[in-house]
Amino acid sequence: MRNELEIRANDHLLWRRLAKFARPKWPHLAGIVVLSVFATPLAILVPLPLKIAVDSVLGKRAVPDWLVRLAPWSATLSKTSVLALAAGLLLAISILMSAQSLASWLLQTYTGEKLVHDLRGLLLWHSQRLSLAFHDRRGSNDTSYRIQYDAPAIQGILIQGLVPLISAVVGFCAMLYVTTRISWPLATIALILSPVLFLLARHSSRKVRVGHDEIRELDSSAMLVLNEALASVRAVKAFGQEGFEDDLFRRKSRVRMSEQVRLAFIQATFHVLIGLTIAIGTAAALFVGVSQVQAGTITVGEFLLVMAYMAQLYEPLRMISTKIPELQSSIVSAQRAFALLDEVPELGDSGTTKGSVVRGDITFESVSFQYAASVRRVLHDVTFAIPAGKRVGIIGPSGSGKSTLVNLLTRFYDPTEGRIRLDGIDLRNYKLADLRSYFSIVLQDPMLFSTTIAGNIAYGRPNASRSEVIQAAKLANADDFIRILPLGYDTPIGDKGVRLSGGERQRIALARAFLKDAPFLILDEPTSAVDIRAESVIMDATRKLMEHRTTFMIAHRLSTVQACDLILVLKAGRLVLLTSDLSEAATHLVDKTPEQATIARAGLELVH
């Protein structure tokens, strides 16, 4: 009972949210409803030409009174002329139905696609403002699935679901009224069947809801395997694991297939029961109708007319009965989409400080940090102060907290304890957009996009001129290799820059940082993945980029931080030394045996 109440509460909330989201499109939705409802009187008119032909052409009854009032001259027409009038009436009704169908289809398509477009845009906008902690926990695959595949549910609910249901209810009431006026016993049969159909629909919808919920989770799981295998295709090929990935994907797909088949069996059983129920009603109506014709209560034409109406009367019942279970798939998807919107950004953006110019003083005050899902701290009580314009090297073994420290600077995460100040002001008091505009970041694996080289360089300043882009590339020692490419700066670089070498990608990232010209610079092992020749070129550009900027450089090699003014040495999340002496830093970095200290002082590779 409790679960049932929760489902109803969630459904009620979902409908309220759908109504609020669709409010700007209410005129369009109202137009769709009006056009759909307009189909009902047209459907009522469809059997009338047949009745006229049977009763007034084949039979001996006079032309119906409503037709005489509509066209007085029809009472004097011959049977052939009445038949032609009936055929013309049928053609006119068909033209009106086609026009109604076309207008409804166009309006439904536009409104449905606009609703999906707006919801997808809102989901992406919101997702990009969620913290890295959320994306680390959830992963990009699930978020992408909700944006791309769950968002269209709003069209399925409002356009393919709600509108047909409203039209079906109106159509059922209208057909029931007309049928009652002709033969109330036949209308009673339809009324008796209605509760049976609704009970079947309710019972089926519960099972279908659970099934679709499980299928969405299985789809997301299978998509994760697929995306990881394709994104890491080089590693898969290198280790010869194509068979493993294929088997893993097939196993997850088989589970999904089995669940889909089980759900299809439930739905097929339901449709069979619906069909049998309606067949029983039709048989009963046939029996009662023929009895009334034999008794002289109604004419043959009226019998054919009422049987046609009975068929149309059952169609809304079938529609209502089948749409309710079918809607469960869209409801599950819509709830998943809105659940993403319910995720609250874990980093508050309530800051009010807006400064176009910053000096660049950075202070860490007893900063500790641990990830939400972790049981251990990554940083422990870190305290230091960096004057503006200083170049700071950050060294330490893997897992010592180097990357976490610079991630706190840009507020990708907030400290668990303590605070970080920029020019004496807590980072949390700055607007996030303003704070991040102060930083340029160059990572070990450069963040490049599948656009042109010029587009990648200008990513931080989209309004930059071509001459500014070229100047930034020259400062990054990238102009020479760019100009020999087939299209120069307009050369597409492929997915994540796969058409460029590691050194070339790194220089593009440096050019982007030059163009942004931010007062702070973060360099995360910028030369660790390139050869010695490329390293020399990159370090030359890096030294130019570091000038007059407060710089934090993460490195594993002492040679990389030789140009730094200060060196932070981290071990197991603790700051063990802040020094300007490279030799002293090397000594503290390794275990203090004489041999290791000698190696470290020589500036050789660090031993992890």
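A residue is called buried when its relative accessible area is under 20%, exposed when that area is over 50%, and partly exposed in between, using a 1.4 Å probe and the protein chains only. By that rule, Arg 146 counts as buried because its relative accessibility is 10%. You are looking at a predicted model, in which local features need pLDDT of at least 70, side-chain atom pairs count only at pLDDT 80 or more, and totals for chains, interfaces and linings use all residues. Residues are numbered from 1 along each chain as its sequence is written, and side-chain values use heavy atoms, with hydrogens and water left out.

**Salt bridges**

- In total, the structure holds 19 salt bridges; the term stands for a side-chain nitrogen of Lys or Arg within 4 Å of a carboxyl oxygen of Asp or Glu.
- One of them joins the side chains of Asp 142 and Arg 146, at 2.8 Å from N to O.
- These two partners are about one helical turn apart, because they sit four residues from each other in helix H7 (residues 140-150). Helices here are DSSP runs of H or I with at least four residues, strands are runs of E with at least two, and both are numbered from the N terminus.
- Asp 142 counts as buried, with 9% relative accessibility.
- Another salt bridge brings together the side chains of Arg 336 and Asp 150, at 2.7 Å from N to O. This pair links distant parts of the chain, since Arg 336 lies in helix H12 (residues 300-342) and Asp 150 in helix H7, 186 residues apart.
- Are Arg 336 and Asp 150 buried or exposed? Arg 336 is buried at 5% relative accessibility, and Asp 150 is buried at 0%.
- Arg 411 and Asp 414 also meet through their side chains in a salt bridge, at 2.7 Å from N to O.

- Six strands make up an open sheet with mixed pairing, in the order S6-S7-S8-S3-S9-S10. Its edge strands are S6 (439-442) and S10, each of which pairs on one side only. For two strands to pair, DSSP must find at least two bridges between them.
- Strand S9 (residues 566-571) is largely enclosed by the rest of the structure, because five of its six residues are buried.
- S9 pairs with strand S3 (residues 391-395) in the parallel sense over four bridges, and Val 392 stands opposite Leu 566 of S9.
- S9 runs antiparallel to strand S10 (residues 574-579), and five bridges join the two. Across this pairing, Ile 567 faces Thr 579 and Leu 568 faces Leu 578.
- S9 and S10 form a hairpin with two residues between them, and Ala 572 in the turn has a positive phi of about 50°.

**Helix H2**

- Helix H2 (residues 26-45) has 20 residues and reaches 29 Å from its first C-alpha to its last, close to the 28 Å expected at 1.5 Å a residue. The expected span is 1.5 Å times one less than the number of residues.
- Buried residues in H2 include Leu 29, Ile 32 and Ser 36.

- Leu 50 belongs to helix H3 (residues 48-58) and counts as partly exposed because its relative accessibility is 45%.
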